[in-house]
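Thank you all for coming.

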Amino acid sequence: MKNKGIIVDLQQLVADGIANIYGSEIEANKVVVNQTKKEFDGDYTVVLFPYVKQLKTSPQDLGEKLMGYLKESSPKVVDGSLVSGFLNIQFSDQAWMDQVELISENPKYGSRADNGETFMIEFSSPNTNKPLHLGHIRNILLGDSCARIYDAMGYKVIITQVINDRGIAVCKSMYAWQKLADGETPASANMKGDHFVGKYYVKYNQLLAEEYKNWQQTDEAKSLYKETAKEGQSEEVYFDFYKNKYFNEYSKIGADTKAMLLKWEAGDEETIALWKKLNDWVYEGFEVTYENLGVKFTKNYYESETYKLGRSAVEENLAKGLFYKEEDGSIWVNLEDIGMDKKILLRSDGTSLYMTQDIGTANTRYKDFEPSKMVYVVGDEQDYHFKVLFEILKRMEEPYADGMYHLSYGMVDLPSGKMKSREGTVVDADDLLKEVVTIAGNASKEFGGLEDLPEEEQNEIFRKVGLGALKYQLIRINPRKRITFDPESSVDMHGVTGPYIQNAYVRIQSILRNVEDQAEEASADTYKLFEDEKELIILMNQYPSVIKESADSYDPSVVANFSYSLAKAFHKFYQERSLLNAESLEAKSFRIKLIREVSKVLQLSMNLLGIEMPKRM
């Protein structure tokens, strides 16, 4: 039998055994094989229960006969034990060494062939009134990693974002720049475009806060407080809750900003020109951040274009009786039959809502790319929105509806607490990237060992280590969990960190450089494996299934935790086994092959997280 890998070979042996012993056909790829639990002897366990009824036999009889067949048919099966309906199989050392050879033959080990399907994922989707921040980074890294994982699964991957380039928030930055900038530009201010526009968004809120503070001292405000405040409610509490109402009903700044939005919607040339100018500055800034994170998008969608989409689909399904119209002319869908509520899809004046836009955008994307899977990476505050969206699309019988998924994730905090965009207290993505690279550089300089390298090469190592630290810490936790990101602890070389994994790779590269001129002088065919060597092979053997598990659950932390486990096992092996001064030529020969494949799998798995591996640290 051609060696296709221990698990695949075992599945085929079991299928062949059942066919030979019982004359019954089963599908080899559906044979359940798990890693044997630590309390039992064995490497892998075959679950027998699914076949007992079909074969009209007992688990005991099936296990005994199958064990006999396996040992007789394959020299790689050396022992086994039967525990209830679980057959624990132990493989020969040669079987595991053959697995190392199999891994070495495939430079893209773990990846699958093109399956002819398209996977689309949307992430980032920023607003054009401020720069990307720490929360965006987790969103981007989760999305980028999922895209890489599905590429490894054989899908054609389409990466998209919907840029929120319209609306009142964007007009706020436009208004402040128009009033306060006096012609200032990103170039004259020596600022990235997105930071520059974000500065005016903060200035706008400062202007509005000052106007609101002054208004609170007017007779109009004082009279309003006396007439409408709750008994015992202080002016401070009252006016804190009154902010939005003030903006909409009393603020001159608010009125001017809303007038600007109306001009934009009417296509006013001067307003559109201002809008394009500021947006272009922001886009230039975004591109720099994306490039620094190693992220590229296949296609951008813009809310200024998508906000008109979806109306026709809603009206068509109203005619079919799927939706209903209220007396005021608004169009709704009733989801109360499945425990949801009634949801408005078009306002009485015919204008769209976000739900309407999302329906239209999904339809457009399907026409553009025909994806079999369509994934949205959006924070968990939007969980209900996507449940409603997916249910509506299923009721509309859209052909792609069953392939939709919301990759929901928790927010990111810093040790200092939450961030607030309006007050300018967010952690800009660019500032954070610089900080982690600086921290990595300081740690590396303190550790030493890079002094012989040119400054440019040192800085490139610091970049890889710093970004590796940031990316790993934001990906290694299950997306659903809220996390606190600590830049200092993220570069800890001894913790559950990206640099810890990178260090395993670097150690292997150092060893391989020392033996690159040495031929593998002896065959390892008769070599007796140590348990820590076998542990490394077993972990590498899991890698293809780790990719599948991560893809099936839309959870890159599965790959991240695998990478750490493999690095940890290598560090343990490194402490226990000598390589350059191994006890025999056979040991040295095999260990060179082994660690070369460990380094490859470490690099492949970390690449799925978007993390680059330095050759030195």
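This is a predicted model: local features need pLDDT of at least 70, side-chain atom pairs count only at pLDDT 80 or more; totals for chains, interfaces and linings use all residues.

Let me start with a question: in which loop does D182 lie? D182 lies in the loop between α6, residues 168-180, and α7, residues 186-189, where helices (H or I, at least four residues) and strands (E, at least two) are DSSP runs, numbered from the N terminus. Residues are numbered from 1 along each chain as its sequence is written, and side-chain values use heavy atoms, with hydrogens and water left out.

Back to D182, then. Most residues other than glycine have a negative phi. D182 is not a glycine, and yet its phi is positive, at about 55°. D182 is also exposed, with a relative accessible area of 78%; here exposed means over 50% relative accessible area, buried means under 20%, and partly exposed is in between, with a 1.4 Å probe and protein chains only. S84 is another residue other than glycine with a positive phi, near 55°. S84 sits in the loop between β3, residues 77-83, and β4, residues 86-91, and with a relative accessible area of 52% it counts as exposed.

Now let me step back to the whole protein. Its secondary structure comes to 24 helices and 14 strands, and its C-alpha atoms fill a box of roughly 95 × 70 × 50 Å, taken along the principal axes. Of its 617 residues, 52% count as buried. If we take contacts, meaning heavy atoms within 4.5 Å, between residues at least 6 apart in sequence, then 74% of them join residues at least 24 apart.

Three strands form an open sheet in the order β8-β9-β10, and the pairing is antiparallel. β8 (324-325) and β10 (342-346) stand at the edges, each with a single partner strand, so one side of each is left without a neighbour in the sheet. Two strands are said to pair if DSSP finds at least two bridges between them, and, as a general point, strands of a sheet pair through backbone hydrogen bonds, either parallel or antiparallel.

Looking at the pairs in turn, β8 and β9 are joined in the antiparallel sense over two bridges, and Y324 has W332 in β9 as its bridge partner. These two strands form a hairpin with five residues between them, and in the turn G329 has a positive phi of about 95°.

Which residues of β9 are on its covered face, and which on its uncovered one? The covered face holds I331 and V333, whereas W332 and N334 are on the uncovered face.

The helix to look at here is α15, residues 311-319, in which A313, V314 and N317 are buried. These three cover an arc of only 100° around the axis, the arc being that of the directions from the helix axis to the C-beta atoms, which puts them on the same side of α15. An α-helix has 3.6 residues a turn, so residues three or four places apart point the same way. What covers the buried residues of α15 includes β9, β10 and α16, residues 354-369. Just after α15, G321 takes a positive phi of about 90°.

I will end with two residues whose contacts reach across the sequence. I7 lies in helix α1, residues 6-22, and counts as partly exposed at 24% relative accessibility. Not counting residues up to four places away in sequence, I7 touches V33, Y44 and N541.

And is V491 buried or exposed? At 12% relative accessibility, V491 counts as buried, and its place is in the loop between α20, residues 487-490, and α21, residues 498-515. Leaving aside neighbours within four places in sequence, V491 is in contact with I439, A440, A469 and P499. V491 and L467 are 24 residues apart in sequence, and their C-alpha atoms are 9.6 Å apart in space.
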